[in-house]
There are 2 protein chains.
Amino acid sequence: MNEFALIAEILEALAETTAGPGVRVGPGDDASVTSVEADAELISSIDALVADVHFPAAAGAELIGYRALMVSLSDLAAMGARPGLALVALTLSELDVGWVRELARGMARAARDAGVPIVGGNIARGPLTITVSVHGWSPRGTALLRSGAQPGDQIYLTGSLGGAAAALARGDLGACTDAGGLDALQRRYFLPQPRLVAGMALRGVASSAIDVSDGLLQDLAHVCAASAVAAEIHSAQIPVTAGAELSHALSGGDDYELCFTSARVPGDIGVAVTRIGSIVAGSGISLDGRPVSAAGYQHFQ
Amino acid sequence: MNEFALIAEILEALAETTAGPGVRVGPGDDASVTSVEADAELISSIDALVADVHFPAAAGAELIGYRALMVSLSDLAAMGARPGLALVALTLSELDVGWVRELARGMARAARDAGVPIVGGNIARGPLTITVSVHGWSPRGTALLRSGAQPGDQIYLTGSLGGAAAALARGDLGACTDAGGLDALQRRYFLPQPRLVAGMALRGVASSAIDVSDGLLQDLAHVCAASAVAAEIHSAQIPVTAGAELSHALSGGDDYELCFTSARVPGDIGVAVTRIGSIVAGSGISLDGRPVSAAGYQHFQ
């Protein structure tokens, strides 16, 4: 089988997710052609997921594919953008057609759940890596940035944290084969639900936002640095996923909830929201009144 | 050094290329925010370049970086799109700050030459791979597709072919360290010039277009398949780069010229254009009157 036959298999597995009302030309040309949302800005992000660094390569390919697209879409959620399109570059060391088909099926499932077409991609021989580029739309000037937090704002979190890190710490993710067999913590890792609806609902409400991918302390530290403010948070207020520990919620990553700041109490954004602290003048983060370092995951530490 | 310090080094090397009139938010947030061209469609492509598969890892990093961005932009040229923005995902197995800085300098040089901002990226530990996602704009309905060739159209080529393949065949690319020391064939490999201006000039003129990345026969075969037509080309008419052989021009890749079809003789598109044959009814390609297979580069053959 050559690369073109493999691409045909992938396209069959992606099925109708490569098309959509905004897609004029999907996979198969030199580039995709998609329509543009009126009076919007383009929001763009890219993420590379490396086998056994960012996902357990031994796990089921459908789980890996689902997670890869959702993790990337989380960056659009953090900006309050409506997903528009995704591109996927896949490098593979060996040609396991069945595995690739399952990966594409997982991506297709995520594309359906998130309502985003997969309009193009690239396949090449190389160490197993999945790189996803996602693009969306936000009405001009409404994108949620990291840099808008102000002293006096309150700090909020969607959902709960720590579940994915607890599953990682347990060390059994590589044995997971399909969505049906996952327990609650494994679901938090393999089936993240990017807060896309919440992000869009937070336009004009949140003064800043970030998705919690590397750990609450580290990601909140990015907001503080970008906004030139400090954060005071309280461990008793942090919503910890059942089965996880506070340390997982503070320093573990992979939950893909949104952490945002606002001067007013947010209304219904379609997901549970918890206030975890306040923005104050200064720099850095204090937890329960004591300064803490942002001990999240760093790729080259 | 952690990943954030490394990112700071990269951003310093990218310098002003991360900004521009259309860039509201560049690197450093969850995603970039860029302005949208009025009445345009979004043209998007992604390419992964794997060390020692798609480039010689031993070569100078500035050359590798320059080539990586230009090769990706060639897909926009093939669509007739104006470049809008680029994103880069870099996976690195070891942390050689000097190498990464040179890579970023090469990308910055290409970004300047092509007039495209690098608005975001991702860095992670993994086998050396450079994945570039490029996006551009084309007035609604004007993008050049592979599927528009018609019997009676003539087949044209920009520039000349075979130089990059001849350099690859010589086997000395890994010893190249910087742009100043390259000979003419090495320049064809490391300093490709995507035909962006020509592509835009071909809007409304070309009935189909593709960039020659995998070899003329293979890429022209894609046009024939997408357009449901056949091509008749003549070896004596194919412009072969000085120092290369006809086989390099026919089956070697990496030149990134445009091959396009048109019912009328194209005017000045800013680069030399040669007529190499005609589109006829049928399927496949004939060279000098005999059918040929599309023996270009296939990644998994």
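Entry 1, a helix pair. I began with helix H1 of chain A, which passes H3(A) in a right-handed crossing; the near helix is turned clockwise from the far one, whereas a left-handed crossing has it turned anticlockwise by less than a right angle. H1(A) covers residues 3-14, and its axis comes within 8 Å of that of H3(A) (residues 97-114), crossing at roughly 35°. Axes here are lines fitted to C-alpha atoms, for helices over the stretch in contact, with angles from 0 to 180 degrees between N-to-C directions. Contact requires C-beta atoms, placed from the backbone, within 7 Å. I sorted the residues of this contact into 9 nonpolar, no polar and 3 charged (Ala, Val, Leu, Ile, Met, Phe, Trp, Tyr, Cys and Pro are nonpolar, Asp, Glu, Lys and Arg charged, and the others, Gly among them, polar).

A note on ground rules. I am reading a predicted model, where local features need pLDDT of at least 70 and side-chain atom pairs pLDDT 80 or more, while totals for chains, interfaces and linings use all residues. Residues count from 1 along each chain as its sequence is written, and chains are lettered from A and ligands numbered from 1 in the order written.

Helices (H or I, at least four residues) and strands (E, at least two) are DSSP runs, numbered from the N terminus. S4(A), residues 82-92, runs parallel to S5(A) with 7 bridges; pairing takes at least two DSSP bridges. One bridge links A:Thr91 with A:Ala124 of S5(A).

I see 57 residues of chain B in contact with 57 of chain A. Strand S3 of chain B (residues 40-50) gives the largest share of the chain B side, 10 residues. S3(B) also pairs antiparallel with S2(A), residues 32-34, over 3 bridges, and A:Ser32 has B:Ser44 as its bridge partner.

I ended at B:Leu63 in helix H2 of chain B, which is buried because 27 other C-beta atoms lie within 10 Å.

Conventions: Contact = placed C-beta atoms within 7 Å. Buried ≥ 20, exposed ≤ 12 C-beta atoms within 10 Å, placed from the backbone.
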